[in-house]
Number of protein chains: 2
Amino acid sequence: MNTYKSHVEKSECPIAHALDVIGDRWTLIIIREMMFMGKHEFGEFLEAPEKISTNILADRLKKLSSLGIIDFIEHPQNKTKKLYYLTDIGVGLIDVMVEVILWVDKYLSTAPSPIIENIKNHTPEFIEKTKKNIQSWNEKNL
Amino acid sequence: MNTYKSHVEKSECPIAHALDVIGDRWTLIIIREMMFMGKHEFGEFLEAPEKISTNILADRLKKLSSLGIIDFIEHPQNKTKKLYYLTDIGVGLIDVMVEVILWVDKYLSTAPSPIIENIKNHTPEFIEKTKKNIQSWNEKNL
């Protein structure tokens, strides 16, 4: 592992780099809402069961946009609203999210869930289907 | 995606559950130090390039222990010190960590690195080798 160590000392560690971007509970909850729940609007994110506050939500959406993980368009029915969506960089986080789900299921979760069973037994298919859902929204709206 | 949605509304979302545990920059930096850098001591964690403060470090080590992600033994050379190590739950986070590294490499990182190339081209072998390093420390010390 010494070579990895010397790499970390020479340049920034990729995990530290990632955590600057996504190492925050609320940031990943917003990404979850967009990735798996098909949410696109500020008001929809507020409805997430974790009850994100408006100021944190506004802050994290701004941060995610500036980092290129999400982007937005004007809402077609309401010029004062925005429709947020995941960019390719954001969609690329699906493998991280799925590994998080599988880790929780394996080590922390106790309640059985047919959805988790599906993700566990058909991981590549679940990832493919989620990406297709996102792509089909993008094709219709962007 | 509606089935997933109804699951999330009925019980706690696994991503939210995970973020309660690991959704924090410092927590994952400590796990990184233990997992890839072979660090085990309080003083060693303080030396990480991100410069974690002693009070945050103490808090996160306590949290990680109470969650069963890490555990500790008395330092064989110094009774006032502890040796921290990853439990099976902690080691199970390696797939999440590796996906984070691969995501950063694919979308954020620009500087080429032989170590990242190695992780990218030999992911299962890298995971296996890391697990073996951890296991061999455990066999010697626990």
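This is a predicted model: local features need pLDDT of at least 70, side-chain atom pairs count only at pLDDT 80 or more; totals for chains, interfaces and linings use all residues.

Residues are numbered from 1 along each chain as its sequence is written, while chains are lettered from A and ligands numbered from 1 in the order in which they are written.

**Exercise 1. The fold of one chain**

Find how many helices and strands chain A has, and in what order its elements run.

Step 1. Helices (H or I, at least four residues) and strands (E, at least two) are DSSP runs, numbered from the N terminus. Chain A has nine helices and two strands.

Step 2. Reading from the N terminus, the order is α-α-α-α-α-β-β-α-α-α-α.

Step 3. Taken along the principal axes, the C-alpha atoms of chain A fill a box of roughly 55 × 40 × 30 Å.

Step 4. A residue is buried if 20 or more other C-beta atoms lie within 10 Å of its own, exposed if 12 or fewer, and partly exposed in between, with C-beta atoms placed from the backbone. Of the 142 residues in chain A, 32% are buried.

**Exercise 2. How the two copies are related**

Work out which rotation superposes chain A on chain B.

Step 1. Two copies of a chain are related by a rotation about an axis and a shift along it.

Step 2. Here the rotation is 180°, the shift along its axis is 0.0 Å and the RMSD is 0.0 Å.

**Exercise 3. The interface**

Determine how many residues of chain A are in contact with chain B, and which elements of chain A give two or more residues to that side.

Step 1. Two residues are in contact if their C-beta atoms, placed from the backbone, lie within 7 Å. By this rule, 46 residues of chain A are in contact with 46 residues of chain B.

Step 2. The elements of chain A that give two or more residues to this side are H1 (2-10), H2 (14-22), H3, H7 (94-108) and H8 (114-121). H7(A) gives the most, with 12 residues.

Step 3. The side of chain A that touches chain B has 26 nonpolar, 10 polar and 10 charged residues. Here Ala, Val, Leu, Ile, Met, Phe, Trp, Tyr, Cys and Pro count as nonpolar, Asp, Glu, Lys and Arg as charged, and the others, Gly among them, as polar.

Step 4. Because 100% of the interface residues of chain A are also interface residues in chain B, the copies meet through the same surface.

**Exercise 4. A helix pair across the interface**

Describe how helix H3 (residues 25-36) of chain A packs with helix H2 (residues 14-22) of chain B.

Step 1. The angle between them is about 170° and their axes are 10 Å apart. Axes are lines fitted to C-alpha atoms, for helices over the stretch in contact, and angles run from 0 to 180 degrees between N-to-C directions.

Step 2. H3(A) and H2(B) are therefore roughly antiparallel to each other, a term for angles over 145 degrees.

Step 3. In H3(A), the residues A:Arg25, A:Leu28, A:Ile29 and A:Arg32 meet B:Ile15, B:Ala16 and B:Leu19 in H2(B). Sorted by class, this contact has five nonpolar, no polar and two charged residues.

**Exercise 5. Buried or exposed?**

Decide whether B:Thr130 is buried or exposed, and do likewise for A:Lys51.

Step 1. B:Thr130 is found in helix H9 (residues 123-141) of chain B. This threonine is buried, because 20 other C-beta atoms lie within 10 Å.

Step 2. Leaving aside neighbours within four places in sequence, B:Thr130 is in contact with B:Met35, B:Phe36 and B:Ile94. B:Met37 is 93 residues away from B:Thr130 in sequence, yet 9.7 Å away in space, C-alpha to C-alpha.

Step 3. A:Lys51 sits in the loop between helix H4 (42-46) and helix H5 (54-66) of chain A. A:Lys51 counts as exposed, because it has 7 C-beta neighbours inside 10 Å. Its phi is positive, about 55°, although A:Lys51 is not a glycine.

Conventions:
Angles under 35 degrees count as roughly parallel, over 145 as roughly antiparallel, 65 to 115 as roughly perpendicular and the rest as oblique. Copies are superposed by least squares on the C-alpha atoms of residues with pLDDT of at least 70 in both.
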